[in-house]
Amino acid sequence: MGSVTELGEFLRSRRSRITPQQVGLPPSAGHRRTAGLRREEVAILAGVSVEYYRRLEQGKQCRPSPSVLDAIATVLKLTDDEHRHLTELSQDSTPPLSGQNPPRRASRQVRPEVRRVLDMVFPYPACVLSRSSDLLAANVPGLRLLPGIEDWPEEQRNTARYTFLHPAAPLLYADWDGVARGVVAHLRAADAVHPEAPELRELIEELARHSDAFVDLWQHYDVRTRTNGRKVYRHPDAGRLELTYEAFDVARSEGQRLVVYQAPPGSPHHDALLRLATPPATEPAPVRESASVFEAAPATEPASAREPDPAPHSAPARSAERHVTSR
């Protein structure tokens with residue numbers, strides 16, 4: 001999976017972050033032309049020839065052995081997620097044959113049994129995401145956790161798109177920069193596992209067109225599978241929320257994940273979480289223009305660079321709906 005060009009980019013990005021001192025080498029005399037380790041240093045420490053490693057980074061050496069990958073991962077101090085990513089990128093990608101059917105999009109259908117789990121965990125926020133982070137289903141607090149996302153058509157509701165393109169996101173996340181880095185690192189990992197997924201490729205290209213912040217983070221080449229973590233919200237209805245989340249792979253699906261958010265019972269954050277389960281009474285929604293919020297949303301900048309914009313939070317929540325479903 002993945003391309004040898006991506007493999008070279010990934011290796012270069014990782015060795016640029018390792019100093020000679022970190023791997024037990026003496027500081028080099030004089031000016032180093034490149035940041036981090038040189039190719040020659042990585043090759044020697046990994047026990048391969050300099051020419052072999054050079055060809056690996058240049059995309060001329062395919063399918064390195066697991067032992068070579070393990071040695072390189074050790075030298076570059078890769079995390080478990082990065083090590084898996086290196087292995088996935090190193091596999092041969094076979095180009096599609098002429099006349100072959102184009103890659104198929106993953107199904108957006110969520111099994112009824114999985115939907116019932118959303119009811120079972122209520123009043124905790126929960127949702128089902130696709131391999132490209134499309135919001136396929138959610139209970140009421142799960143939908144309300146992202147204010148304004150219900151204004152988008154169901155096929156456009158995507159947590160990565162929300163993070164970078166919705167004007168409410170920089171106001172919602174107390175650490176927007178950290179959330180954005182996590183989103184991009186997860187997309188990098190998903191792109192390696194599903195390199196032919198058309199919906200994933202289209203999302204990455206869309207974010208690159210509309211968000212300079214996304215482009216900058218994408219070039220960092222961080223990789224992380226988001227299985228659990230912590231987020232802090234400044235929610236317009238519930239107030240400050242410090243929530244942890246757990247993500248579970250959905251069996252017999254095409255990369256779907258069930259994500260559940262929680263807070264310690266009895267804590268102020270748990271009380272705030274419960275407020276998401278009971279949407280306040282709202283006035284009837286005003287008649288909207290034909291253009292969607294998605295079409296009008298500007299590329300997102302960090303919250304520190306933006307003026308407060310209360311407009312995204314003015315849209316009423318759909319309290320009558322138990323789940324978000326794809327059409």
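Trainee: In what order do the five strands form the open sheet?

Mentor: This is a predicted model, in which local features need pLDDT of at least 70, side-chain atom pairs count only at pLDDT 80 or more, and totals for chains, interfaces and linings use all residues. Residues are numbered from 1 along each chain as its sequence is written, and side-chain values use heavy atoms, without hydrogens and water. Strands (E, at least two residues) and helices (H or I, at least four) are DSSP runs numbered from the N terminus. The pairing is antiparallel, and the order is S2-S1-S5-S4-S3.

Trainee: Which strands stand at the edges of the sheet, and why is one side of each left without a neighbour?

Mentor: Two strands pair if DSSP finds at least two bridges between them. One side of each edge strand has no neighbour in the sheet because each has a single partner strand; these are S2 (135-138) and S3 (228-235).

Trainee: Which residue in S5 stands opposite Leu129?

Mentor: Strand S1 (residues 126-129) and strand S5 (residues 257-262) pair in the antiparallel sense over four bridges. Opposite Leu129 stands Arg257.

Trainee: At roughly what angle do the axes of H5 and H10 cross?

Mentor: Axes are lines fitted to C-alpha atoms, for helices over the stretch in contact (heavy atoms within 4.5 Å), and angles run from 0 to 180 degrees between N-to-C directions. The axes of H5 (residues 80-90) and H10 (residues 176-193) come within 9 Å, and they cross at roughly 35°.

Trainee: Which residues of helix H2 are buried?

Mentor: Buried means under 20% relative accessible area, with a 1.4 Å probe and protein chains only. In H2 (residues 39-46), the buried residues are Glu41, Val42, Ala43 and Ala46.

Note on methods: Buried means under 20% relative accessible area, exposed over 50%, partly exposed in between (1.4 Å probe, protein chains only).
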